[in-house]
Amino acid sequence: MAMNKGKVSETVIRRLPKYHRYLSELQEKGEDRISSQELSDLTGFTASQIRQDLNNFGGFGQQGYGYKVAVLKKELENILGIPKIYKTILIGAGRLGTVVCNYKGFLDSGFEIVAMFDKSDKVIGKSVGNHVVRPVDELEAFMKEHGEVEVAILTVPKEGAQAIADRLVNAGIRGIWNFAPEDLEAPDSVVVENIRLTDSLLTLSYYLTENNR
């Protein structure tokens with residue numbers, strides 16, 4: 001399912017975080033303004049494409065002046081929903097789940113992990129980061145008690161991933177960040193972002209192969 005529900009294409013949406021990242025770096029360096037051509041040199045997208053992308057949301061620039069770095073960064077944060085903090089749960093406390101849970105960039109991006117769940121007695125009750133792993137049987141009860149939970153991260157095996165997703169949907173989840181190698185089915189009201197590590201590695205393999213031909 002496509003993440004974007006409006007008229008702006010998903011391709012455009014997926015470029016916005018890159019714009020935001022470079023603008024953040026420019027702001028840290030004390031840069032006040034930047035032209036679309038200078039932003040093109042940084043991002044690799046054409047100046048025309050950048051202007052078209054930003055015009056989907058109002059433009060924010062001035063002819064012959066460019067963009068105010070701080071203003072454009074703030075506008076992108078509003079578009080991306082960064083000022084909001086999404087209460088997040090993580091299901092799957094194995095190696096990948098542990099790495100994901102300990103990633104410090106989540107809160108900066110607006111996602112706060114508030115609980116972890118697993119079905120294995122080997123990890124239930126153990127501490128991962130600031131969390132004690134809970135039994136996955138408590139999933140619905142926890143979400144009912146903590147009605148502010150909106151997002152779930154799945155770092156579970158392929159088998160059973162859809163069943164967990166169904167439980168999350170029925171419990172009222174709004175978004176799923178899915179690391180399981182399974183295309184999850186969900187209603188249009190639920191945003192699913194599938195992370196395919198193997199696909200990314202195979203893409204890398206393709207370009208490595210092409211460069212050696």
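This is a short tour of a predicted model, stop by stop. Residues are numbered from 1 along each chain as its sequence is written, and side-chain values use heavy atoms, with hydrogens and water left out. Because the model is predicted, local features need pLDDT of at least 70 and side-chain atom pairs count only at pLDDT 80 or more, while totals for chains, interfaces and linings use all residues.

**Helix α3**

Select residues 47–55, helix α3. Helices here are DSSP runs of H or I with at least four residues, strands are runs of E with at least two, and both are numbered from the N terminus. Ala47, Ile50, Asp53 and Leu54 are buried (under 20% relative accessible area; exposed is over 50%, partly exposed in between; 1.4 Å probe, protein chains only). Look down the axis of α3: the buried residues fall within an arc of 125 degrees, so they line one face of the helix. The arc is taken from the directions from the helix axis to the C-beta atoms.

**From α3 to α1**

Show the side chains of Asp53 and Arg15, which meet in a salt bridge at 2.7 Å, N to O (a side-chain nitrogen of Lys or Arg within 4 Å of a carboxyl oxygen of Asp or Glu). Arg15 is in helix α1 and Asp53 in helix α3, 38 residues apart. Arg15 counts as buried because its relative accessibility is 13%; for Asp53, also buried, the value is 1%.

**The largest nonpolar core**

Next, select Ile89, Ile91, Phe117, Leu154, Leu168, Ile173 and Ile176, the residues that touch the most other members of the 22-residue core. Such a core is a set of buried Ala, Val, Leu, Ile, Met, Phe, Trp, Tyr and Cys residues joined through side-chain atoms within 4.5 Å. At least two residues each come from β3 (86–91), β4 (111–118), α7 (139–145), β8 (149–154) and α8 (161–170). Helix α8 gives the most, with 4 residues. Centre on Ile89: its contacts include Val114, Phe117, Leu139, Phe142, Val151 and Leu168.

**Two further salt bridges**

Arg174 and Glu150 pair at 2.2 Å, N to O. Arg174 lies in the loop between α8 and β9 (175–178) and Glu150 in strand β8, so the pair ties together parts 24 residues apart in sequence. Arg174 is partly exposed at 49% relative accessibility, whereas Glu150 is buried at 13%. Finish at Asp183 and Arg196, which meet at 2.6 Å, N to O.

Definitions and conventions:
Contact = heavy atoms within 4.5 Å. Lists of a residue's contacts leave out its neighbours within four places in sequence.
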